[in-house]
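Let's take a friendly walk through this structure together. Please keep the sequence and the 3D view open as you read.

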Amino acid sequence: MSRVVVVLLFVAALFHADTTFAQGNADAGKAMWNGQQMWCRNCHGEKGEGAFGPDLAARKLSFDQFKHAVRQPWGVMPAFTPEWISDQDLQNLMAFLDTQPAVTEPGKLRVAEPPAGSPLGLQLLVTGYGCAQCHGANMGGTRQDMGSGISDFEWFKRQVYTHTTEMPAYRKVLGEDNSILRMGNFSAARLPEATLREMWNYTVSLGPRAYITSRMTSKPAANGTEYTLVVDNGGLPGKGLVAEDATITISLAPGVTVANPSQQGYQGVKADAGLKADAVVWRTAKIAPHEPQTFTFTVSGGAAGTAPVGRGEVRWAKPLSEAKPDFIAIGAPAPAGAGRGGRGGGAQ
Ligand code: HEC
Ligand code: HEC
């Protein structure tokens, strides 16, 4: 091959790589669309088929159209800033969505429209502005913040209108190190304060919840796998609601044996109706702000290739919310040393 041809091929390869970059990487976009960092799918459908928001699959918008819709939304969609979702991320998301099959019929709402005659606040949360598409109709996570001891309507307002700066600041106050941000900023012109207050009043009417968090890790042990669960209360000491009369349950796969459970409050292994499985159970009188409690146990046996331990719950009898008793889900165990877990029962 002549030198000139080689150089030309090289230049062509570079040019090609550059064009691919400019058009976005569909694989990276797919990972982001399906991942935990962005929840566009909660409003636009799992595959971009449409739900609360319009279908985006195979829409083939220009990048400028796509970007405008995300940075300065036309209607009620919250705005996402470049610090949290970059132009390159948008290129990637768009590239992925354009590879999805076009939609003939729009998809269904993730959280269904409430029955006619429901309180206005609930209708606004679910169908008016789509909040419940991420938070659930009972705004469980936000009500935990109401129980943390520092939330009021002014706080709520800041969280909704200036979420991308307010949420990191609030996490600092609570001492959390979560760096994911999935909600954008709502426009006060499109979601006026009086409307927001209606949503707030409805959320308050459901009652605040204790801000219980859980984190489970696992590591191999000589005689099986050792699990460590830390249950805590993320509220402000002296101000946050204390959970009382709490039960901790973690489901077990069939045939596993439990050894060395931590003794404080231990109730043994019992059939659990809620988890529909045998569960290892502890009770504790109180879970107070920033007084973490640790529960450990080791399991062995069970079918090969099956997780020996499944989901769990922390349930508490007081203070009550609409769920009796109130509870949070305990997530699947992370390897020891992995990032922090969160509260359950919140945004979902
Ligand atoms: C609260 C629900 C909600 C969330 C979350 C959401 N959207 Fe939207 N989106 C909408 C609605 C509703 C519209 C219609 C225009 C409006 O109301 O702003 C829309 C419009 C769009 C459009 C314009 C479509 C068109 O027909 O021109 C794009 C593009 C878009 N969204 C992308 C995204 C991306 C990317 C994300 C995640 C970063 C996202 N949206 C998150 C509700 C949402
Ligand atoms: C795309 C999903 C999504 C939508 C839509 C959404 N939120 Fe959120 N919201 C979240 C998540 C997730 C958090 C936790 C912080 C984060 O990741 O951004 C949050 C945090 C909040 C907080 C701070 C306290 C808390 O619960 O952590 C408030 C208050 C809040 N949202 C209210 C609203 C209201 C009101 C609306 C509708 C006007 C709304 N949200 C729409 C996902 C969403």
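## About the model

This is a predicted model, in which local features need pLDDT of at least 70, side-chain atom pairs count only at pLDDT 80 or more, and totals for chains, interfaces and linings use all residues. Residues are numbered from 1 along each chain as its sequence is written, chains are lettered from A and ligands numbered from 1 in the order in which they are written, and side-chain values use heavy atoms, with hydrogens and water left out.

## Around ligand 1

Ligand 1 is surrounded by 23 residues, of which C40, C43, H44, G75 and M77 are the closest; a residue counts here if one of its heavy atoms lies within 4 Å. Helices α3 (40-44) and α4 (63-71) each supply at least two residues of this shell. Helices are DSSP runs of H or I with at least four residues, numbered from the N terminus.

By class, the shell has 19 nonpolar, three polar and one charged residues. Nonpolar means Ala, Val, Leu, Ile, Met, Phe, Trp, Tyr, Cys and Pro, charged means Asp, Glu, Lys and Arg, and the others, Gly among them, are polar. Polar contacts are pairs of N or O atoms within 3.5 Å. In one of them, an N or O atom in the side chain of H44 is 2.7 Å from a nitrogen atom of ligand 1. A polar backbone atom of V76 lies 2.8 Å from an oxygen atom of the ligand.

## Around ligand 2

Here too 23 residues form the surroundings, with C131, C134, H135, H163 and M183 the closest. Helices α7 (131-135), α8 (140-146), α9 and α10 each give at least two residues to the shell, and α9 gives the most, with four. The shell has 13 nonpolar, six polar and four charged residues.

A polar backbone atom of R182 is 3.0 Å from an oxygen atom of ligand 2.

## How α9 packs

Helix α9 (residues 153-161) and helix α10 (residues 163-174) have axes that come within 6 Å and cross at roughly 125°. Axes are lines fitted to C-alpha atoms over the stretch in contact, and angles run from 0 to 180 degrees between N-to-C directions. That makes α9 oblique to α10, since angles under 35 degrees count as roughly parallel, over 145 as roughly antiparallel, 65 to 115 as roughly perpendicular and the rest as oblique. Contact residues (heavy atoms within 4.5 Å) include W155 and R158 of α9 and H163 and Y170 of α10.

Methods
A polar contact is a pair of N or O atoms within 3.5 Å; within protein, one must be able to donate a hydrogen and the other to accept it, and residues adjacent in sequence count only if both atoms are side-chain atoms.
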